Amino acid sequence: MSRTALRICPLCEATCGLTLTIEGTRVTGARGDREDVFSKGFICPKGASFGAVDSDPDRLRTPLVRRDGELREATWEEAFDAVAAGLRPVVEGHGADSVGVVLGNPNVHTVAGALYPPVLLAGLRTRSLFTASTVDQMPKHVSSGLLFGDANAIPVPDLDHTDHLLLIGANPLESNGSLCTAPDFPGRLRALKARGGHLTVVDPRRTRTAKLADRHLAIRPGTDALLLAAMVHTLFAEDLADLAHLAPHVQDLDELRAAMGEFTPEAVAEACDLDADVIRTLARELAAAPTAAVYARIGSCTVAHGTLASWLVDVLNILTGNLDRPGGALFPQAATDRTPRPAGPGRGFALGRWHSRVRRLAEAKGELPLSALAEEIDTATGEGEPVRALIVVAANPVLSAPDGNRLDKALGSLDFMVSVDPYLNETSRHAHVVLPPPPPSQSPHHDFAFNTLAVRNQVRYTRPAVPLEPGRMAESEILARLVLAATGMHGADPAAVDALVIDQTLGKAVTEPYSPVHGRDPRELAGQLTGESGPERRLDMMLRLGPYGDGFGARPDGLSLARLLAHPHGIDLGPLRPRLPQPLKTRSGKVELLPGPIAADLPRLGEALRERPAELVLVGRRHLRSNNSWMHNVPALTGGSNRCTLHIHPKDAARLGVRDGADVRVKGAGGEVVAPAEVTDAVRPGVVSLPHGWGHDRPGTRLGHASTAPGVNVNQLLDGSLLDPLSGNAVLNGVPVQLAASP
């Protein structure tokens, strides 16, 4: 007998609702949930392949412990004994910072990945934190922190109501959206055009999204900040800036005007390879539209001026009066957000509170650049101890960080390494202990992170669709036990981790005057929590304390876990609404248009006006049926367009003697790779493109399908030296490369 079960898809940021078909304990099909309040039945190829991802035969089912140099199957007890025995001597002998923590992209796609790493970091007290953010979106966090005082206060475009969308360095028809959670992003863009709206795409590649646009501008890679600065200059020069409702909440307008003085359209035109009149037209159209939004993503983040580009996106939204208004860019309000505090000055956002040992790279948002991980392990010089042990949770930095070959060697030199990962991949193969979480069908799901970036306020939760398989351990218990083993409490009840968080959270909430539980007994409140597990009790607590919560009875019509479970397709909380000044946490209590670190970095942008562009530069690209390095082992999601080929323009191919389908040797500062050429005018001349996440050819992995068509690791072309200085983000796009036809 088959049955159906609901599940929120964890395979990309769109968070679509699925209806799974289950035979016994196996997922045999997946379709879009038409009653889902957010996705309304939309599904992409990744979601349709949920069953194949879930049942991949190469998924690890039991822990692995290294014995006599080999990883061998072990019991859970043996595995955690080994974790405690491996980590604690390093902490006690060399200090907390000698233990590094690496968090990968999939952490934000699971309940446990959202709830437990913060507890681990607080217990370890290590400053050696490295995450996927610094090869992705850290510039946006930094610019938001500097502008708004909160690195997580990221405005998103109001896709369903805007009249004009300027989209830069993003390809949501392939990525499904990023830092903008929007099921059926393609359909929303088509709806924008159908209602008479205008879509402009700025991208060096003619992507599927660019083909949909009313206007596509093939900018020179890495010059987005110059284009945006010239648009800001135009708004000021032509008296088009109109803050409207934002005026009381913004400062530094005159200072910003002066700082943009040199970035005229004529000054930036050659660098961007765009006509000055076109740049002026972009600014005028943005100012004239009834409502408009500027949205930029990874192509504008992973470049030399990523933070400045991210900052200028919001500056344009502010100067045209489109920030915090319907049809513009608004701040979402997730159901599990903290209790909203009254508007007023906050603590602000600080950069560089500590630095890496070797290159003295500044922290941002509590993180050090992932590009520095290898040197922090293999270089003895510098202040303090090198990283001697590593905790890696759902990360594969050998493929996702620059110069994977160096990191590959560095990982092999560690005193101890533990990986929480379902696969034995290019990184986890170095671990002394591998702790495999269960497949997604056996786990609950709620999007803690992505609901803070959603284009509509809503809340959804799905319990496991399939019971936990015998011999497996829930991801929440794995991470709770990891917290205990790493912090000297090995052997304690893992439920104590959740109890501690609940006690601390409620203990603080009852002391806050604006909290709905101010003055109440935290023990009595804890006794009211419902749920079948510690994570569910924590979710119940967050919902009840949150902006839509019942306040533990204070608002009877508010949210709780019980109410959410009664609505299996989710609860719609309405469209995005204006929220200023409440989200602002700057010291001034206002939007600080020209923060000090930004002003100090602008001369570097000015120098870019005089730089001679490289003859050939590299950019990445997304595939609809892929997500970084962790989905190439599923046959249903590989092949077709999802291949590791080098896109090269016909003019460049002819000049370099490169034939379509022939191997090409690509050389960069970090090394060289050989990939088959795909001659196409989808890239502009002077640009070549390789996709991210490939390179599955290292020995010792267990990725049977991925290894049959391994592709090449594009990040091996980078040596890790190129960073955006404000955010520490790796420069992955617009980097010079050399090409030669391979014999």
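This is a predicted model: local features need pLDDT of at least 70, side-chain atom pairs count only at pLDDT 80 or more; totals for chains, interfaces and linings use all residues.
Let's start with Asn457, which sits in strand 18, the run covering residues 456-459. Its relative accessible area comes to 4%, so Asn457 is buried, given that the cut-off for that label is under 20%. What does its side chain have to work with in there? A polar atom of the Asn457 side chain lies 3.0 Å from the backbone nitrogen of Gln333.

Next come two loop residues. Pro583 belongs to the loop that links strand 19 (571-575) with strand 20 (591-592). With a relative accessibility of 7%, Pro583 counts as buried. Apart from residues up to four places away in sequence, Pro583 touches Phe148, Asp150 and Phe331.

Val683 is in the loop between strand 24 (671-679) and strand 25 (687-689). Val683 is buried too, at 1% relative accessibility. Setting aside neighbours within four places, its contacts are Pro204, Arg205, His647, Ile648, His649 and Ser689.

| Pair | Apart in sequence | C-alpha to C-alpha |
|---|---|---|
| Pro583 and Thr302 | 281 residues | 26 Å |
| Val683 and Thr207 | 476 residues | 8.6 Å |

Now for the helices. Two packed helices are described by the angle between their axes and the distance between the axes. Here the pair is helix 15 (residues 306-319) and helix 24 (residues 596-608), whose axes come within 10 Å and cross at roughly 115°. Are they roughly parallel or roughly perpendicular to each other? Angles of 65 to 115 degrees count as roughly perpendicular, so that is the label for helix 15 and helix 24. As for handedness, helix 15 passes helix 24 in a left-handed crossing.

Which residues meet where helix 15 and helix 24 touch? Helix 15 brings Thr307, Leu308 and Trp311, while helix 24 supplies Ile598, Asp601, Leu602 and Leu605. Sorted by class, this contact has 5 nonpolar residues, along with 1 polar and 1 charged.

Definitions and conventions: Residues are numbered from 1 along each chain as its sequence is written. Side-chain values use heavy atoms; hydrogens and water are left out. Helices (H or I, at least four residues) and strands (E, at least two) are DSSP runs, numbered from the N terminus. Buried means under 20% relative accessible area, exposed over 50%, partly exposed in between (1.4 Å probe, protein chains only). A polar contact is a pair of N or O atoms within 3.5 Å; within protein, one must be able to donate a hydrogen and the other to accept it, and residues adjacent in sequence count only if both atoms are side-chain atoms. Axes are lines fitted to C-alpha atoms, for helices over the stretch in contact, and angles run from 0 to 180 degrees between N-to-C directions. Angles under 35 degrees count as roughly parallel, over 145 as roughly antiparallel, 65 to 115 as roughly perpendicular and the rest as oblique. A crossing is left-handed if the near helix is turned anticlockwise from the far one by less than a right angle, and right-handed if clockwise. Contact means heavy atoms within 4.5 Å. Ala, Val, Leu, Ile, Met, Phe, Trp, Tyr, Cys and Pro count as nonpolar, Asp, Glu, Lys and Arg as charged, and the others, Gly among them, as polar.
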